[in-house]
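Open the model in your viewer and keep the sequence panel beside it. This tour goes from selection to selection and says what is there.

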Amino acid sequence: MDAVSIIALSMGAAWASGINLYAAVFMLGYMGSTGHIVLPDELQVLSDPLVMTAAAVMYCVEFFADKVPGVDTGWDT
């Protein structure tokens with residue numbers, strides 16, 4: 001990968017992680033494992049099924065934690 005592609009991928013991932021980190025990690029891993037994007041060598045670990053599973057589980061936990069008022073405050077803390 002050339003420097004411009006790495007910078008573009010990094011900036012897009014940083015923006016997406018501001019919305020939801022776990023969803024960004026999962027989608028980068030999914031897209032890397034299906035061949036839709038080429039991940040740099042440093043980010044190849046995101047394509048590991050265990051990493052993708054952990055990110056998906058944490059996304060679900062965070063999604064449902066935001067729906068319960070007391071749990072939401074504790075989760076944000």
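Start with everything selected and color by burial. Buried residues make up 17% of the 77 residues in the protein; buried means under 20% relative accessible area, exposed over 50%, and partly exposed in between, with a 1.4 Å probe and protein chains only. This is a predicted model, where local features need pLDDT of at least 70, side-chain atom pairs count only at pLDDT 80 or more, and totals for chains, interfaces and linings use all residues. Residues are numbered from 1 along each chain as its sequence is written, and side-chain values use heavy atoms, with hydrogens and water left out.

**Whole chain**

Switch to cartoon. The protein has 4 helices and 0 strands, and its elements run α-α-α-α from the N terminus on. Its radius of gyration is 14 Å, well over the 11 Å that the globule rule gives for 77 residues, so the protein is more spread out than a compact globule. That radius is taken over C-alpha atoms, and the rule is 2.2 Å times the number of residues to the power 0.38. Helices (H or I, at least four residues) and strands (E, at least two) are DSSP runs, numbered from the N terminus.

Draw a box along the principal axes. The C-alpha atoms fill roughly 45 × 25 × 15 Å. The accessible surface comes to about 5,400 Å², and 70% of it belongs to carbon and sulfur atoms; the areas come from the Shrake-Rupley method with a 1.4 Å probe, and for residues only the protein chains shown count as cover.

**Helix 1 against helix 2**

Select residues 3–19, helix 1. Angles under 35 degrees count as roughly parallel, over 145 as roughly antiparallel, 65 to 115 as roughly perpendicular, and the rest as oblique. Axes are lines fitted to C-alpha atoms, for helices over the stretch in contact, and angles run from 0 to 180 degrees between N-to-C directions.

Show side chains. Helix 1 brings Leu9, Ala13, Ala16, Ser17 and Ile19, while helix 2 brings Leu21, Ala24 and Leu28. By class, this contact has 7 nonpolar, 1 polar and no charged residues. Ala, Val, Leu, Ile, Met, Phe, Trp, Tyr, Cys and Pro count as nonpolar, Asp, Glu, Lys and Arg as charged, and the others, Gly among them, as polar.

Zoom in on alanine 24. It is buried, with a relative accessible area of 10%. Leaving aside neighbours within four places in sequence, alanine 24 touches Ala16 and Ser17.

**The loop between helix 2 and helix 3**

Which residues does serine 47 contact beyond its neighbours within four places in sequence? They are Gly29, Gly32, Ser33, Leu39 and Met52. Serine 47 lies in the loop between helix 2 and helix 3 and counts as buried at 17% relative accessibility.

Next, select leucine 39, in the loop between helix 2 and helix 3. Leucine 39 is buried, with a relative accessible area of 4%.

**Helix 3 against helix 4**

Finish with residues 49–65 and 69–76, helix 3 and helix 4. Their axes come within 8 Å and cross at roughly 125 degrees. Helix 3 is thus oblique to helix 4. Met58, Val61, Glu62 and Ala65 in helix 3 meet Val71, Asp72 and Trp75 in helix 4. This contact divides into 5 nonpolar, no polar and 2 charged residues.

Terms used
Contact = heavy atoms within 4.5 Å.
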